[in-house]
Amino acid sequence: MTAALLLAAAALAPQAALAALGASVTLVGPDPIHPGEVTTLRIELSNSGSTPITALSFPHQPQPTPDRLPGVLPNGLRIAGAASYTCNDPNGNVSSPGAGVLTAATGTQAITLTGGNIPANFGGTDGSCVILIPVTAGSSTGAAANYAYTISNASVTGTDGSGPVANSGAVTQTIGVRAVDRPTITKAFSNGPAVLGGAPATLTFTVSNPNSIALPDFQFSDVFPLAGATPALRVAPTPNAQLSCPGGGTVPAFAPAPGDTTLSATGGTVAPNNVCTISVDVVANTTNGAYSVDAVNTINRSTQFANGLGLVPAQDASATLNVRSPLAVAKAFSSGALASGEAASLTITLSNSASGPLAITTFDDNPIDGRAPPAPG
């Protein structure tokens, strides 16, 4: 065979291997979408050859970077529901479930197919397989974004009986994500200060959604602050938990028990342009030997709060409650001044602002005027 013929054969072989297998990706549904809103990727794999393509797979694993949905979650696309996979044989125009194993797990970004078959072209109509994948987007900042899903050149492979085939050229579909505002989470105490053994204070959490779309699956945890090595607060003997998510929202699971020093709420939905409020009664737990401490209670916006859209509030939720002892001591003399040898009375008053008796174990007032006696000599 001459060199010219060898070159011609080499040029023709790749074209034949690539021409039979085609790949395209389009969008069925809205574009752009809000975070959390669902649209559908439509992947079509076609066969223009006269024999079926078998052992179909994508993405082809030797690719340097396997094709997957773009972005780093929560800032990116993710699979939002069950995918469908059907193939059409133009010989009789028969549609049937696709062969092989399609993997597209909800919440992930990987889409793979192994062991597929594409029917042959018949009567000028390509055999085809169509994969429909519901996808959505998340966002941590609420900023607008665009994400491009690409099926790379030669990343879809198979065999048509004559040898390996692969798609020729990359195809891309871009999905836009609309800008939204961040939610807020705040907390507040009422009925302060909290007195050891005294009446409870009410701790209220408020999650606000300023957007025209729902804020799904919000959750938070709250660890009560310490006084020394011990939590300064605890859930009251009667927690009196109250939850409200008006406007079609869903209250989270929230079940504080008496004595708890950590709270959690999971699975709530804040309706569009609305709020959810969650409250519980708490009582003072310790002052660590001091008369009074300020308990600064904070929910970290990034590590202790989350939601189904991935949005992170702009600020932590923080509130301060003063925790103090119920014991107060006062003393007074009956006269403002005394002459030498003159008598007067001293009154010491111990008061208890708790709701129960307070046992006094020690008492010492020496010297009574607060001044040490002069040294001898």
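Thr103 sits in strand E8, which covers residues 101-103 (strands, E, are DSSP runs of at least two residues, and helices, H or I, of at least four, numbered from the N terminus). This is a predicted model, in which local features need pLDDT of at least 70 and side-chain atom pairs count only at pLDDT 80 or more, while totals for chains, interfaces and linings use all residues. Residues are numbered from 1 along each chain as its sequence is written, and side-chain values use heavy atoms, with hydrogens and water left out.

**Around Thr103**

- Thr103 has a relative accessible area of 40%, so Thr103 is partly exposed (buried means under 20% relative accessible area, exposed over 50%, and partly exposed in between, with a 1.4 Å probe and protein chains only).
- Leaving aside residues up to four places away in sequence, Thr103 touches Ala110, Ile111 and Thr112 (contact means heavy atoms within 4.5 Å).

**The aromatic pair**

- The structure contains one aromatic pair (rings of Phe, Tyr and Trp, the last by its six-membered ring, pair if their centres lie within 6.5 Å; planes under 30 degrees apart count as stacked, over 60 as edge-to-face and the rest as tilted).
- The ring centres of Phe205 and Phe220 are 4.7 Å apart and their planes stand at 40°, so this pair is tilted.
- Distant parts of the chain are linked here, as Phe205 belongs to strand E17 (residues 201-209) and Phe220 to strand E18 (residues 215-223), 15 residues apart.
- Both partners, Phe205 and Phe220, are buried.

**The disulfides**

- Cys87 and Cys129 are both buried.
- Cys245 and Cys276 also form a disulfide, with sulfur atoms 2.0 Å apart; the torsion about their S-S bond is about 130°, so the disulfide is right-handed.
- This pair, too, links distant parts of the chain, 31 residues apart: Cys245 is in the loop between strand E22 (242-244) and strand E23 (262-270), and Cys276 is in strand E24 (residues 274-284).
- Cys245 counts as buried at 10% relative accessibility, and Cys276 is buried with a relative accessible area of 0%.

Key. A disulfide is a pair of cysteine sulfur atoms within 2.5 Å.
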